[in-house]
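Please keep the sequence and the structure in view while reading.

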Amino acid sequence: MQGSAALEPLRTRIYIDGYNFYYGCLRHTSLKWLDPLALYERHILPSINATDCSGRTRHSRVACAPALKFFTAKIVASVAQDADSVSSQARYHSALRKFHGPRIELIEGYYAVNPMKVRLICPSAPKRPPKECATGLAWKVEEKQSDVNLALHAYHDAISGDVDQVVIATNDTDLAPALAMIRNTTKVRIGLVIPSTSEHRQPNTELVNLAHWTRMNRHPCRGPTHTAVALCPRPRATTLACAASSSRLLKGSHCLT
């Protein structure tokens with residue numbers, strides 16, 4: 001008797017909160033030249049046993065272009081901590097576009113830098129209530145639109161039927177309403193990947209409760225060694241070193257997975 005046909009993989013699109021991802025697991029490392037599509041396509045998705053709305057285990061396969069949407073904002077030179085921050089970010093984004101073409105879509109918000117009046121903590125009485133503290137001027141730096149863009153894109157893709165699964169890399173609770181809408185109005189599965197450098201960073205409980213599965217991604221990695229995945233300290237701007245055989249990749253680690 002012929003066996004039943006294998007279930008089709010879940011069409012999966014990846015959504016990366018660039019700000020949360022950078023500050024969660026890449027800052028202060030030499031691994032800023034990360035190929036996120038290779039990381040997810042070759043390592044994270046194959047390791048996940050996702051289930052569909054009927055509870056059947058399904059493999060995951062990246063969706064048609066774009067396979068990954070990367071939400072970010074251009075660094076503002078006046079607040080950048082390093083002299084080459086602006087140019088390095090531009091080169092990295094250019095490398096992603098040139099290497100992957102339409103498979104990666106970069107969606108940009110912007111940084112707002114404005115002076116604002118704030119309550120100052122009194123050094124001699126740090127527990128004094130804010131209303132009793134003096135005021136002063138400070139610079140407020142905010143990334144605008146990135147979380148809204150990610151929420152809208154993920155929800156649009158879910159209701160349009162383009163995907164069976166959305167995988168979101170963030171730990172930002174502002175995205176909880178979008179995940180709730182996807183879960184309540186569609187059959188699309190939600191995967192949550194928490195960027196972190198430490199086991200002490202706890203996943204946001206509200207996000208975890210809304211996701212069908214959650215994964216912590218940490219650097220540095222511990223445990224068995226694996227083939228390196230698309231990580232290079234600083235490749236040329238026109239290419240990303242993503243072949244596992246590249247001598248410039250970090251060897252002997254699973255790097256962020």
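This is a predicted model: local features need pLDDT of at least 70, side-chain atom pairs count only at pLDDT 80 or more; totals for chains, interfaces and linings use all residues.

Residues are numbered from 1 along each chain as its sequence is written, and side-chain values use heavy atoms, with hydrogens and water left out.

**Overall fold**

- The protein chain contains 6 helices and 12 strands; these are DSSP runs numbered from the N terminus, with helices being H or I of at least four residues and strands E of at least two.
- Of the 257 residues in the protein chain, 44% are buried. Buried means under 20% relative accessible area, exposed means over 50%, and partly exposed lies in between (1.4 Å probe, protein chains only).
- Among contacts in the protein chain with a separation of 6 or more, 71% are between residues 24 or more positions apart; a contact means heavy atoms within 4.5 Å.
- The protein chain has an accessible surface of about 13,900 Å², and carbon and sulfur atoms account for 52% of this surface. Accessible areas come from the Shrake-Rupley method with a 1.4 Å probe, and for residues only the protein chains shown count as cover.

**Nonpolar cores**

- The largest nonpolar core comprises 28 residues, and those with the most contacts inside it are Ile14, Ile16, Phe21, Tyr40, Leu68 and Val167. Such a core is a set of buried Ala, Val, Leu, Ile, Met, Phe, Trp, Tyr and Cys residues joined through side-chain atoms within 4.5 Å.
- Elements giving two or more residues to this core include strand 1 (10-17), helix 1 (18-26), helix 3 (85-100) and strand 7 (104-119). Helix 2 supplies the largest share of this core, 4 residues.
- Beyond its neighbours within four places in sequence, isoleucine 14 contacts Leu37, Tyr40, Leu45, Val62, Ala67, Leu68, Lys69 and Val167.
- Another core, of 24 residues, lies apart from the largest one and includes Ala158, Leu179, Ala180 and Ile190.

**Aromatic cluster**

- Tyr19, Tyr22 and Tyr23 form one aromatic cluster. Rings of Phe, Tyr and Trp (its six-membered ring) pair if their centres lie within 6.5 Å; planes under 30 degrees apart count as stacked, over 60 as edge-to-face and the rest as tilted.
- Tyrosine 19 and tyrosine 23 both lie in helix 1, 4 residues apart, which is about one turn of the helix. Their ring centres are 4.7 Å apart and their planes stand at 45°, so this pair is tilted.
- Tyrosine 22 and tyrosine 23 form an edge-to-face pair, with 5.1 Å centre to centre and 85° between the planes.
- Tyrosine 19 is partly exposed at 38% relative accessibility, tyrosine 22 is partly exposed at 29%, and tyrosine 23 is partly exposed at 43%.

**Cysteines**

- The structure holds 0 disulfides, a disulfide being a pair of cysteine sulfur atoms within 2.5 Å.
- Cysteine 25 is buried at 1% relative accessibility, whereas cysteine 53 is partly exposed at 49%.

**Backbone features**

- Alanine 65 and proline 66 are joined by a cis peptide bond, with omega about 0°. Proline 66 is located in the loop between strand 5 (60-62) and strand 6.
- Histidine 28, a residue other than glycine, has a positive phi near 65°. Histidine 28 lies in the loop between helix 1 and strand 2, and is exposed, with a relative accessible area of 70%.
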